[in-house]
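Please find my notes on this model below. They go strand by strand, then helix by helix.

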Amino acid sequence: MSTKTPNGLDKLGLKNIGDVYYNLSYDELQAHEVNNGECKISTSGTAMCDTGIFTGRSPKDKYFVNQAPSNKNIAWGGVNTKIDKKIYDELLDITLTQLSGKNIYVTDVYAGASDASKRSVRFISEVAWQAHFVKNMFIRPNEEELESFKPDFTVYNACKTSNQKYKKHGLNSDVYVVFNVEDNMAIIGGTWYGGEMKKGIFSMMNYWLPLEGKLSMHCSANVGKDEDVCLFFGLSGTGKTTLSTDPNRALIGDDEHGWDEYGVFNFEGGCYAKVINLDPKSEPEIFGAIVKNALLENVVSDAVGNIDYSNGSKTENTRVSYPIEHIKNHKKDLQAGHPNNIIFLTADAFGVLPPVSKLSKEQAMYYFLSGYTAKVAGTERGITEPVATFSACFGEAFLPLHPTEYAKLLGKKIDKHGVNVYLVNTGWTGGPYGIGKRMSIKDTRACINGILNGSINSAKFETLDIFNLAIPKKLEGVKDNTVLNPKNTWSDKSEYDKMLAKLALMFQKNFHRYDDNGGEFDYASAGPQL
């Protein structure tokens, strides 16, 4: 067991602390997880935990304390909900009471690989696997760094308690995830889900960095042998993790990044991947990462520890967290130079967007602020056709500031560094979901390769109706180049035109949310025109 004592233990506000398990090794954590009855071990040596009734985040239970000066920066409404300081103080008392008189796990880590932009974060929990999750997901200080570690921000995870007065407080439920920007503190109660800690710090990085003129991004990133950097933006199900994990390119990270004056850097030191229906043939890197030191969430296994990845009886959101070192081809310092290419990924279930199109700077701003993908029919009761989903900057749920603040920074950086931007559709072709088919992964890879090796720039382009997107007529590696123009793949061209116009109207309706942001963000003309 670790005998180190963290700096500032007396400032935590906890009483009668029992044993303090500080930055335990992986072997120590696994021993605690098993001895505490928190985890079982799979046949690959991976710890398996359950996160209770919460198998995903609780976005309606996320709050920011309403106080100056942060309340003037936060974009209230939508994803950012106010909570009164008096109520926060009551919840803080509940949190500290729960963690007092207990053995606690204290884990000190960094968020951000860039020395110019990183934050020091301390996590406190009474659950071993949550310390394990944090160790996986963030950047691990070395022994020398731990000696002088001083947290910039502290997270208290009191998952075993809840707010029984939530109705009196006017809150959504007994679960709470609250951020106090001025006190550099977050408190969690009522939910065991590890992703609350990961995305909580992401939300705070999304607050801090843009105010310093640095862009925070919900994207994956990789770098080639010639040091060319590519960013992949995309919502869940668009292929962000899969497409950025490339045997010919080093992975910088799969989910959260910053872009400062020195280049792109990972916020994290690990990956957090969905494993429902995981197939070692289609995703060998992720499958190969599920070994000792990884942590599986809510998977189903037999008595021996053999995992059934097809079993979603606990949740479809089965997950694994693992240190990025488990991906053999990763960038060891988790950072690289300024991007050469940016790719916006969308899974268009309407089947009308091209497999790849090159965007102007104005179009890049439009599609960044739109953050489009589509849910497919059958995912929810009553849904019989695709449903458009728009999430500003491809990560609206984690943006404390107004989306245009991030877009301003993106536009400046595109101009300054001459970045090429593309829209890649990994969704349907030949018709909408239920009629058409999913885009071939080989064709998608060929489009990505054409972007990365620059061959797409020498292609001849044509223009997609209504959306005015520039489509290459031919790309090396695409088996049948007629697929590059989606209209060619539909048997009924008039139905294609109707569906294209229908999606265009959805884009226009969504973008009206920016009508009151002044001429600076009048990018509607870069979107579809009916």
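**Notes on strands, sheets and helices**

1. Strand β11 (residues 215–223) pairs with β12 in the antiparallel sense, over five bridges. Two strands pair here if DSSP finds at least two bridges between them. Helices (H or I, at least four residues) and strands (E, at least two) are DSSP runs, numbered from the N terminus. Asn-222 stands opposite Cys-230 in β12. The hairpin of β11 and β12 has five residues between the strands, and Glu-227 there takes a positive phi near 65°.

2. A word on provenance. This is a predicted model: local features need pLDDT of at least 70, side-chain atom pairs count only at pLDDT 80 or more, and totals for chains, interfaces and linings use all residues. Residues are numbered from 1 along each chain as its sequence is written, and side-chain values use heavy atoms, with hydrogens and water left out.

3. Strand β22 (residues 341–346) runs parallel to β12, joined by four bridges. Cys-230 stands opposite Asn-341 in β22.

4. Is β12 covered or open? Strand β12 (residues 229–233) is mostly covered, with five of its five residues buried (under 20% relative accessible area, 1.4 Å probe, protein chains only; exposed is over 50%, partly exposed in between). Val-229, Leu-231 and Phe-233 point one way, while Cys-230 and Phe-232 point the other way. In a regular strand the side chains alternate between the two faces of the sheet.

5. Five strands form an open, mixed sheet in the order β2-β3-β17-β20-β16. Its edge strands are β2 (39–41) and β16 (270–274), each pairing on one side only. Neighbouring strands are turned by 25° against each other on average, direction ignored. Axes are lines fitted to C-alpha atoms, for helices over the stretch in contact, and angles run from 0 to 180 degrees between N-to-C directions. Five bridges join β16 to β20 (residues 319–323) in an antiparallel run. Lys-274 stands opposite Arg-319 in β20.

6. Two helices pack on that sheet. α1 touches β2, β3 (47–49), β17 (295–297) and β20, and its direction makes about 115° with that of β2. α3 touches β2, β3, β16, β17 and β20, and its direction makes about 115° with that of β17. Contact means heavy atoms within 4.5 Å.

7. How do the helices meet each other? The axes of α1 (residues 26–35) and α3 (residues 128–137) come within 8 Å and cross at roughly 150°. They are therefore roughly antiparallel to each other (over 145 degrees; under 35 is roughly parallel, 65 to 115 roughly perpendicular, the rest oblique). Tyr-26, Leu-29, His-32 and Glu-33 in α1 meet a set in α3 including Trp-129, His-132 and Lys-135.

8. Met-137 lies in α3. Met-137 is buried, with a relative accessible area of 0%. Met-137 and Gly-270 are 133 residues apart in sequence and 4.4 Å apart in space, C-alpha to C-alpha. Beyond its neighbours within four places in sequence, Met-137 is in contact with residues including Lys-198, Glu-268, Cys-271 and Ser-321.

9. Another open sheet holds eight strands, in the order β1-β6-β7-β8-β10-β9-β4-β5, with mixed pairing. β1 (20–22) and β5 (81–83) stand at the edges with a single partner strand each, so one side of each is left without a neighbour in the sheet. Seven bridges join β6 (residues 104–111) to β7 (residues 119–125), which run antiparallel. The bridge partner of Val-109 in β7 is Val-121.
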